[in-house]
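Trainee: I would like to take a close look at one part of this model with you. Could you walk me through it?

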Amino acid sequence: SSENLDPTVERRRAYRKPRRAPGRSFLRRFRQPIIGLSLAGRAAPLLNGGTKPADQAGKHPSPTEADQARSASGSTSDTGDLEDRIADQIGKQHQTAKVASFVDDAVNKYDISPQLATDIYQIAQEEGIDPKLAFGLVKTESAFKTRAISHVGARGLTQVMPRTARWMVPGTTAEDLYDQKTNLRLGFKYLNQMIDKYEGDVRLALLAYNRGPGTVDKILRRGGDPNNGYADKVLRG
């Protein structure tokens, strides 16, 4: 009975804290760290831009399809540029060899200097005249003699008249027509003008070069044939 109990013992029993269930203290001790880890794991994607887990932070991103396409495109462009440069270089070498072969043949065929053959070829190209036609013209007009002069006063390799030269390039003198390059350029330029006038008809252009466009036009208007054999001679040459 209660009256037989020691009062001190009774007071101790009255103030003793109740015992808790064994498992609850363990759960309370580790609940906060578990929650913290959970939050840290959820927050990591936000800190990394919302695209990568926290354990991948600091690693280099793998290339996207767009990056790979740009890389492939750049590589293809570089390869294409290199191929173009190689093709261009080969083309130039091929052209140089072709010109050298043509000039050598002309030197041997017409018994002229390499410099004259080269000038005829290059200036003809620059003035839009076929080199074969240019060599035929010079052969027919002057037989490749730089100081050739006709009975009517035409001068030089392509037998340009002084008044025609002054009309084409004001200030040109008769003596200028003995300069090799000047004469070739004026003669080929004038022939090119005749080819344009007669809409690409080389034979009529050559006849106009020899007889004058006024004479050729007059004969054509009358229904005649201006051919005098000059065009055939140049083309054969």
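Trainee: In which helix is the place of Lys132? Please tell me about its surroundings and about the charged side chains of the chain too.

Mentor: Happy to! Keep in mind that this is a predicted model. Lys132 sits in helix α5, one of ten helices in a chain with zero strands. Lys132 is exposed because its relative accessible area is 61%, over the 50% cut-off. Together with Lys98, Lys109, Lys139, Lys233 and Arg236, Lys132 forms a positive surface patch. Two or more residues of this patch come from each of α3 (65-110), α5 (131-142) and α10 (230-236).

Now look at the loop between α4 (114-126) and α5, where Glu127 lies. With a relative accessible area of 10%, Glu127 is buried. Its side chain meets that of Arg185 in a salt bridge (2.9 Å, N to O), which ties the loop to helix α7 (residues 180-197) across 58 residues. Glu127 also makes a salt bridge with Lys189 (3.2 Å, N to O), again reaching helix α7, with the two partners 62 residues apart. Arg185 is partly exposed at 31%, and Lys189 is likewise partly exposed at 31%.

Arg203 belongs to helix α8 (residues 202-211), 29 residues from Asp232. Asp232 is partly exposed at 25% relative accessibility, as is Arg203 at 42%. In total, the chain has seven salt bridges.

Methods
Residues numbered from 1 in each chain as written. Predicted model: local features only at pLDDT ≥ 70, side-chain atom pairs only at ≥ 80, totals over all residues. Heavy atoms only, no water. Helix = DSSP H or I, 4+ residues; strand = E, 2+ residues; numbered from the N terminus. Patch = residues over 30% accessible without salt bridge, like charges linked within 9 Å, V, L, I, M, F, W, Y side chains within 5 Å. Areas by Shrake-Rupley, 256 points an atom, 1.4 Å probe, with all protein chains shown as cover. Salt bridge = Lys/Arg side-chain N within 4 Å of Asp/Glu carboxyl O. Lys, Arg positive; Asp, Glu negative; His and termini not counted. Charge placed at Lys NZ, Arg CZ, Asp CG, Glu CD. Buried < 20%, exposed > 50% of the residue type's maximum accessible area, 1.4 Å probe, protein only.
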